[in-house]
Structures are given as C-alpha cells and as structure tokens.
2 protein chains.
Amino acid sequence: MPLQPSRTVGDLEQLRALTGDENGAQRVAWTETWEQARDFLRSKVAGTGAEEEVDEAGNQWFTLPGDSDRALLIGGHMDSVPNGGWLDGCLNVMGGVEVLRRIAEEGRPPVTVRLVSWADEEGARFGRSLFGSSAAAGSMQDQDELRTLRDRDGVALPDALREHGVDLDEALAARSQLENAGAYLELHIEQGPFLEEEGLAVGVVEGIVAIAWSRLTIHGVQDHAGPTPMRIRHDALVAASSVVTGVRGIAREIGGELVTTVGNLTVSPNIVNAIPGKVTLSIDMRDPQDATLDRALPMLDRVVREACEREGVRYELEHYWRVPRTPFDREVVAAVERAAQATGAGHRRILSGAGHDAQYMAAIGPAGMVFVPSRGGRSHCEEEFTGMDDIEHGANTLLGTALELAVTL
Amino acid sequence: MPLQPSRTVGDLEQLRALTGDENGAQRVAWTETWEQARDFLRSKVAGTGAEEEVDEAGNQWFTLPGDSDRALLIGGHMDSVPNGGWLDGCLNVMGGVEVLRRIAEEGRPPVTVRLVSWADEEGARFGRSLFGSSAAAGSMQDQDELRTLRDRDGVALPDALREHGVDLDEALAARSQLENAGAYLELHIEQGPFLEEEGLAVGVVEGIVAIAWSRLTIHGVQDHAGPTPMRIRHDALVAASSVVTGVRGIAREIGGELVTTVGNLTVSPNIVNAIPGKVTLSIDMRDPQDATLDRALPMLDRVVREACEREGVRYELEHYWRVPRTPFDREVVAAVERAAQATGAGHRRILSGAGHDAQYMAAIGPAGMVFVPSRGGRSHCEEEFTGMDDIEHGANTLLGTALELAVTL
C-alpha cells in the first residue's frame, strides 16, 4: 500500500509555522529554533515505536529494530539556511518518519531501519556544511580548522556546539552509529530546474557534482571617503568587485555545467564615508567533472591576483574545501529507478548540483537519493516549493526502495 | 603666550587608551564607549570654570561667560567611526578645552566663549552624519527618514537616542543654543594628503566640497549555489559588483577632484552556498563644484540601470542627501590666515573634502576651520596621525583666531 503524503505535508506546514517567519525558514543549526525543530521531530517519531539516540556529533538517530542487526538508513536534516525554504532537508526527515511509521505498521522488519537527522547540513552559521554526516563518517579532514571557525558575532564553533550538548573532540572521535549500516537513502528536493522543465516527478540521483570552496581576504587601505584623492586609494571593495565579476566570468569562459558563486561578502568597516579597508568573500565552484574544477581553480587564482594587483591591495586566497564527484552505488540507484517506475511517475536519472549528507555516506557504503522537482528551480529561499503530487511520488519511491532493500540488504 | 600642545596630546592619548583597542578608536555615537568619552571630556573641562549644558540633541555645551552675551563657538565631536583614529573630532574638542583654559586664565573674556561637542558627527551607526549640528542649526530636512533609520542589528534610531537621554522629537524642535552665536571655529585634521605632500603645517579652510549620498537596494533571486544553472541566475551581488566598478569609473571619466566611494555593502543571506538575493549599498560622491555632482549623478543612474538590466534584477536607487559646496565666511577665513601667519608655520588655503559640523554652522552664521596635516592622508583608521609640531601650530592658529574674534565679534 503506497504512502499518502498528506500527513507529511501537514507535518511540514506545522514545522514551517513553528520555526519560520515571513522571510522563510529560520532553522539555522546550533540555534534555538533548530532545537525546536529537533523537538518537533522527536514528537512526530514518538508514535512509531522507534527509539531515539543522539550521537556525539549531535545527530538524532531513531531506530526500529528488525530481525537482523544490519541497518537500512534513511537520512535528512532539520537545519535550514537563514530565510530558507520549508522543504530542504526536512522533507527527507518527515518523509522518513512516514516510511518508519509504515514499516512499523507491517510488524518487525527483516532488517533494522534507522532514520537519522544529521546535525548542521547547511553550515549556515560557521560556513562549514555537512558537519554531522562527515563526523559520523570519520571524514573530517579539517579538524584544526573547525576549532578556529567563528560565526559573524565572533562565537567560536566549539563554544556554540557545547551550548547544544556537543563536545567537538568527542564528535571528531566517534563513528559507532555506522557499524551495521547496510545502505543509505535520502529523499530531497532537486533545487534545480531540470525535473520541472521536463515535466518529471522523480529524479533517480546517480551522484553528486564535484565541489570546491575557497575564501579570499583582501586588505586595502581604510581611509576617509571625502578628502582621499582617487590617485592614492587602495579600496578592498573595488578589488573584491572585480573578483565577483571575474568569478562569474570563469563560468562563462568554461561553460558547460560549471556553476560559480560568490555567496558571502563582508566589508569592513562598512560605513558610507570610509574607503573599505578589508573585504572577505567566499567562492563556490561546482561541476559534474573533477577535471573542470582543476581548470577553474587556477583561473580563480589569476582572477584574484589580477584584481588585487590592479588595485594595489594585499590578499590571502585559500582553497579550503574540495570534494570530488561522488558516484552513488550502482545497485541502490537501480533499486531507486525500479521504485520510481513502480509509482508510475515520470522520472529520469540526474546528478545532484548540491552537496548532501549522502556524499559522506557514499564514501563508506552503498547510498542513493531520490529527487522531487523544485518549482522554478528555487531553493534556499522562502519561495521553495514542490507540489503534493510530486511529494507523493517521491515519498513512494523512497518507500519502495526501502522495502526492496529491507529484504535484499 | 602661545599654547603648549603637550597637555592636549596627553589628553588625547588618555582618551585613546580609554575608548580604543588594537584596531583603533571605538567611540561610535550612541554607544557605551561614546558615553565614556563624553564623561572624559566633562572631567577635562571641569578645571576651566566653564559650565556644562546638554541640549535636546545630545550636544554638550561648555560655557565661559564673557562681558557680552554674544558668543564665540568652538566645536568638535567625540564620536568616531568603528576602528577609527585618535584625532578625528576629538582633536578639535580637546584643543578647544586648552583654548578655554587659556582664555579663562586671562580673566573674564570680552565675549562669551562656548565649546560644543556635537553628537554623532560620523553617523557610523545609522548612516546619517552630522546629527547634532544639523539639529542645532534647524537643518534636518530628513525628519521622516530619521524616524525609520535602523542600525545593522535592527535597532531604530529613536530608540537608540532614547537610551542616551535624547528624544528625537525634542531634538528636531529646538535650536535655542545658537541664539547669541557670533562666529564658529573648528580645528580638524585634514584627512587628505595635500598639506603633508607640500610640507605645510596649517590649512586655512575656505569651505567644504559639495557632497551627494545615494543608497541602492538590489533585489536578485535568492537560490542554491549548486543546482541552479548559470542561465537562470539573477544574482544581486553580481549586479552590485558592476555598480562598484561603475562608481569607480565615474571618477575616472570625469576626473579632476571628484571622488566616488562605495563604503557600505551588505549581502543577504550572505552564506557560501546561496546566490545573493539582496544587496544594499551606499554611494558617496564629492567635488569642489556642485556642477560636477550634477554631471555625476545621472551617470550613476545609468551605471545602476545598466548593471541591473544586464543581470535581470530589480532595484531602488535613492539620492537621499545632498549638500552644496559650503563657503566659509570671508572675514573668518582671513582671521584664520592671519593667526596661521602669526604662528610662523607654513600654511595655505585649502578646501575640505570631508563634511564637518562647521557646514551647518556656516549656514546660519560666520564660520571657519583650521586644518593640520594627516600622515599619508590617512584617517578613519587606526593609523591616523599628526605630529606634535603640527598640532602645536594648528592649536595656536585656533587660539589666535579665537582671541582676535573675541574682541571683534
């Protein structure tokens, strides 16, 4: 019997009212509203009989014991970006609750089924995404870096985590939750325009694009905007603006599916009548092919060098995070495809342009994902939307895949 | 007998230790450290016999009664930009304290002498400068605007003022302090490179350049930086960067003494993996000639229109503040020049590129200013510096002018 998604949509609307405002979802990880969202999840799982455990990294695990210890994992995340959407991350979790409920109704499953709500997928507060899943997978290569991260109010990451019961050292050490993991599934909105443009309800995700994150600090000369003649200026923001334009230019020059974004840019002292003395900014570049990023990164180096030389300013450019293209498990992808087919929905194979917790799970075992369309390709914004029919087909694809894997794991 | 500036420099160094840190002065108006600076001033004036009164706009007035009610005013401001310098604004005030002290030592002066420390000259917190002097002069044309201004934490200007004992409506209504004002003098650092480049100690300020401030809000389409292909993006920061480059280009194209600056730029939601949905930024343009700004403003309109059309984003551009070139009083300028000459210091006439409280005083009566050099032309930064000799010549020029005006007013 397929799922009826109306309960899931109802849960998501309740969550939206609880943790959002007129600008969208406000469930940034390691904040009060995020804790409210986690409590909400706890209350919704309560009826399924699954038991909760919070691991050292702050991930919430809900376990439905089966005949075998071998576990099928279904994952998502409750955190959002600021002014985010009502579906990103929590569709997977609330859809997973519905799958848990449905499996529990059928009696003890052949394998153990576990729903995990990962901590801090978005990295919105500290600029470091996929915290919980990378910790669980033992894939945190930036341990020293993590200790020094600060939010825009100057709060250090370890201190913020401690306020939410997470000790960074313990988070870095432990991965016990994944001992019996058999396969990992995640339902998510596409966040791009392709499924909608092609009139399809389900994306069978084959993998995740390669991603490179860089950060740039430009040191100009802070001075008064009035009496300082143009000839002696070294304006950090003028240099930064050339970089933003140049980053856009890299995507234009290389073309294809490469996307390049400057999402974060902060000016100091940031007042009308002072020439900016310092600018920090982020560069996000993604492509299906690792080789494209290998070409794009030296182009970024050149863009930054030329922009800063032209303005006579110092800079530090750091390529601090790089994940290669992540292929999903061939058999899991095939199972997702069969389940999509069984729902009768239009579907096709697709690559994810966004990073997901599934990429860390794919590094340690079989993983796969199901996409549903995003209206206008919009996400990370209040306008994020997926229609009820598409949610139904996506949730039933997740359920069908889970039921198949539950007997073949 | 001329002034010895060592006490003034000592006072300024004490103030720096009290209200600054390793990044510079932190005396932003309507904050706790600003109140500390005001208390410091109060304690320093105490010995002179001058009486304090705080007016409805938060300006501190220190009055030394004379034979006549007619008043000679000496002014400055204790507030700074964030990470500002140790001289901007408070050199005038602490130098003024020394002049008060010197005049008091000579017995009752022929005219009343008043030192005023204006509230919120910089406008660093709310982006609206010259608050106290424009209120005192009855020159606040932006009363409705003032009620809606907010700082970056969302605090409204009227609420912030109230915390410091100022009621905005009362501030807007009152100008009783200027009833008997005869002339106004202000000592200030040049904040530009010219005096230092020419090896001169004193600038005889003839007036203040024309200034135009605009603000721009760009509405892009916030979206996820990964799965959103370049072809459907409407990135507010890409458009804003073209504007920053274009604003620089206006100064290059018109040339001469025109200066153009984007000092404030704020991105929303400002995270690595979201395409910026909204950017607000400021444009500051200044020139000795009003006609130059009349040419520059339509060029700005065009730069903004073209940048936003190219990226397919909506915008609002507002030219919200414009002050014409302010000429200082011919006789006061001549008196400053005679006093500079008498100190034996190298001097020349100069125009101020920065706005000063003196411009509002010039609108209602005779006013003039004395400049001292700024090392490297730097100000609004920790590196702001003027040597002791130059401070001595500047302070003595202020004193000489005051003594002359005190008998001729």
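# Notebook: two chains and the axis between them

The same surface serves both copies, since 100% of the contact residues of chain A recur in chain B.

I remind myself that this is a predicted model, in which local features need pLDDT of at least 70, side-chain atom pairs count only at pLDDT 80 or more, and totals for chains, interfaces and linings use all residues. Residues are numbered from 1 along each chain as its sequence is written, while chains are lettered from A and ligands numbered from 1 in the order in which they are written.

On confidence, I read a mean pLDDT of 94 for chain A, with 100% of its residues at 70 or more; pLDDT is the predictor's confidence in each residue, from 0 to 100. For the complex the predictor gives an ipTM of 0.86 and a pTM of 0.85.

I then looked up the interface and found 58 residues of chain A in contact with 58 residues of chain B, where contact means that C-beta atoms, placed from the backbone, lie within 7 Å. Among the elements that give two or more residues to this side of chain A are α9 (236-254) and β14 (278-287), and α9(A) gives the most, with 8 residues. By class this side has 27 nonpolar, 25 polar and 6 charged residues (Ala, Val, Leu, Ile, Met, Phe, Trp, Tyr, Cys and Pro count as nonpolar, Asp, Glu, Lys and Arg as charged, and the others, Gly among them, as polar).

Next I took the fold of chain A, which comes to 13 helices and 18 strands (DSSP runs numbered from the N terminus, helices being H or I of at least four residues and strands E of at least two). Chain A is divided into domain 1 (6-209 + 325-408) and domain 2 (210-323), with bounds from an automatic or database domain assignment. The centres of these domains, taken over C-alpha atoms, are 32 Å apart, and 9 residues of domain 1 are in contact with 12 residues of domain 2.

Finally I checked single residues. The peptide bond from A:Ser268 to A:Pro269 is cis, with omega near 0°, and A:Pro269 is found in the loop between β12 and β13 of chain A. In that loop I also found A:Asn270, which has a positive phi of about 65° although it is not a glycine, and which counts as buried with 22 C-beta neighbours inside 10 Å. I looked up A:Asp67 as well, in the loop between β4 (60-64) and β5 (68-77) of chain A; with 11 C-beta neighbours inside 10 Å, A:Asp67 counts as exposed. Not counting residues up to four places away in sequence, A:Asp67 touches A:Arg108 and A:Pro110.

Terms used:
Two residues are in contact if their C-beta atoms, placed from the backbone, lie within 7 Å. A residue is buried if 20 or more other C-beta atoms lie within 10 Å of its own, exposed if 12 or fewer, and partly exposed in between; C-beta atoms are placed from the backbone.
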